[in-house]
Amino acid sequence: MFSDHILVDCLAIKRKKVCDQVKPKPSTAHLVGWIFNSGECDFITSTPCFFAIYSGDYCEVNVCHNGGTCVTGIGEDAFICICADGFGGDTCNLTEIGPCSPNPCQNDGACEIITPTRRGDVFNEYICKCQPGFEGVHCQINVNDCANQPCKNGGICRDLDGDYTCQCPSPNVGKQCQLRCISLLGMEGGAIVESQISASSVHYGILGLQRWGPDLARLNNQGIVNAWTSAAHDKNPWIEINMQKKMRLTGIITQGASRMGTSEYIKAFKVASSFDGNAYTTYRVDGQRSDKVFVGNTDNDSTKTNLFDPPIVAQYIRIIPVVCRRACTLRMELVGCELNGCSEPLGMKSRLISDGQLSASSSFRTWGIDTFTWHPQFARLDKQGKTNAWSPAHNNRSEWIQVDLEKTKRLTGIITQGAKDFGVVQFVSLFKVAYSNDGESWSTVKEDNTTNDKLFQGNIDNNTHRKNLFEPPFYARYVRVVPWEWHERITLRMELLGCDD
Ligand SMILES: [Ca+2]
């Protein structure tokens, strides 16, 4: 009679609760029988106990076996069992038999059963196909991607998942610190033209006939009037170079000058930089809480070189004298290089971006179960598992996921990917990108030469990578993806592309 029954412990069932809402529902796969005794709902009193399972609260007693999680209120089914690895069937009562059940492969490795003919001397009946960056029979080893010492020129290597990162000592740059960023940028040579150089003030000497203007602040400049000098009354002097585009600056060479036979020079200075000529950042060494004060010159003619470590990336660079001998007088050269080749994965997949750097407006929980929360920390490209992406609690256009890159980086692109939630294909098909340097005021990436927010084409399935480029690139510490259209439910895995610049 109850051939496909659900077996439960009779003593654990609260009789009234179960019977309150008992009614037949033949289309429900899990409904296998119900009992009426003399017109009343009742249990069969013999052992084993068969009972009707169609009420509002089946999960009050966990009818799922072997550690399965019972869930009610899903579609047509009265309840669903989410089975632990290695178990199956409607109530997790069946043992999935086979070498791949439960999955013996670690770190998201995929288990494949191998045929005896391929087995050879190996006694295993399966092989683990490991994710990049993992190896071993069970993918249990995180490959040391620093083993081959990929970082050149004294760079410090850090092992990641299937990748590495090099911390390069200035002036070396590049993925492997293989490039030396040491071009002279053109104060002495003239590539930097007069219109690119400005200053807070100018000293006029000899009844105003000698103009010690900022365009004279060129290393090794010759002549009687051969340097920039700030006006004597200027309490906050500065000189600024507009590079006309963002450049990487790795050093500065300074030099004083002689006026009326007397040495004048800058003994100490600060450096500030800006992307836009409005907001300036005074240079600090990583981890320091005070502005870096550079040691300058000690006479009128010898040169002093200071390195920026880490390099400065900026369009505008401003030298701010702190201590001057007699007057703030300067000749100078900038050292650096062009920005290029900036399309590195920034570390969603490799975990260079840590969980703590990821946040979101909200997180969805499948069937309300904490275990199946779609955290922003899961939004890593190619992540595997049952919950392997970010999904917000609601599907609307005010949801977002945020990456804090911890310092300003150059963003050149984004790769997005959907996922499946228990078999349902889900993805974001259209999205916006916003960015911020303080996490409070945000700009949205615009269509070229318009004030319209750019809508990026997203995914068309749950697995294919979709790459979009930011043209032009932008600079930001915080990046947000704002889903605009989606399939089934907002579901996102992603990678950001760019570089440290
Ligand atoms: Ca590794």
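Two residues are taken to be in contact if their C-beta atoms, placed from the backbone, lie within 7 Å. By that criterion, and not counting residues up to four places away in sequence, Phe-269 touches Phe-294, Gly-296, Ile-319, Ile-320, Pro-321 and Val-322. The structure that holds these contacts is a predicted model, in which local features need pLDDT of at least 70, side-chain atom pairs count only at pLDDT 80 or more, and totals for chains, interfaces and linings use all residues. Residues are numbered from 1 along each chain as its sequence is written.

Confidence comes before detail. The pLDDT, which is the predictor's confidence in each residue on a scale from 0 to 100, averages 84 over the protein, and 85% of the residues score at least 70. Over residues 1-56, however, the pLDDT is below 50, although this stretch has 80 contacts in the model beyond near neighbours in sequence. Where pLDDT is low, the predicted coordinates should not be read in detail.

The secondary structure comes to one helix and 35 strands; helices (H or I, at least four residues) and strands (E, at least two) are DSSP runs, numbered from the N terminus. Among contacts between residues at least 6 apart in sequence, 65% join residues at least 24 apart. Of the 501 residues, 35% count as buried. A residue is buried if 20 or more other C-beta atoms lie within 10 Å of its own, exposed if 12 or fewer, and partly exposed in between, with C-beta atoms placed from the backbone.

Phe-269 has its place in strand 22. Phe-269 counts as buried because 27 C-beta neighbours fall inside 10 Å. One of its contacts, Phe-294, is 25 residues away in sequence, yet the two C-alpha atoms are 5.3 Å apart in space.

The next topic is the nonpolar core, defined as a set of buried Ala, Val, Leu, Ile, Met, Phe, Trp, Tyr and Cys residues joined through C-beta atoms within 7 Å. The largest such core has 38 residues, and those with the most contacts inside it are Ala-217, Trp-228, Leu-249, Ile-317, Ile-319, Leu-330 and Leu-334. Two or more residues each are given to this core by strand 16 (197-199), strand 20 (239-255), strand 22 (262-274), strand 25 (304-325) and strand 26 (329-337). Strand 25 provides the largest share, nine residues. Apart from this core lies another, of 36 residues, among them Tyr-478, Trp-486, Ile-490 and Met-494.

Strand 26 connects several of these elements. Eight of its nine residues are buried. Two strands are said to pair if DSSP finds at least two bridges between them. Strand 20 and strand 26 pair in the antiparallel sense over seven bridges, with Ile-253 opposite Glu-333. Strand 19 (residues 228-229) also runs antiparallel to strand 26, joined by two bridges, and here Trp-228 stands opposite Leu-330. Strand 15 (residues 183-184) pairs with strand 26 over two bridges, again antiparallel; the bridge partner of Ser-183 is Gly-336. Leaving aside neighbours within four places in sequence, Leu-330 is in contact with Ala-217, Ala-227, Trp-228, Ile-239, Thr-254, Ile-266 and Ile-319.

Some backbone details deserve attention. A cis peptide bond joins Glu-471 and Pro-472, with omega about 0°, and Pro-472 lies in strand 34. Another cis peptide bond joins Asp-309 and Pro-310, with omega about 10°; Pro-310 is found in strand 25. Met-260, a residue other than glycine, has a positive phi near 50°. Met-260 is found in the loop between strand 21 (257-259) and strand 22, and is exposed because 9 other C-beta atoms lie within 10 Å. Gln-149 likewise has a positive phi near 50° and lies in the loop between strand 10 (141-142) and strand 11 (156-159). Gln-149 counts as exposed because it has 11 C-beta neighbours inside 10 Å.
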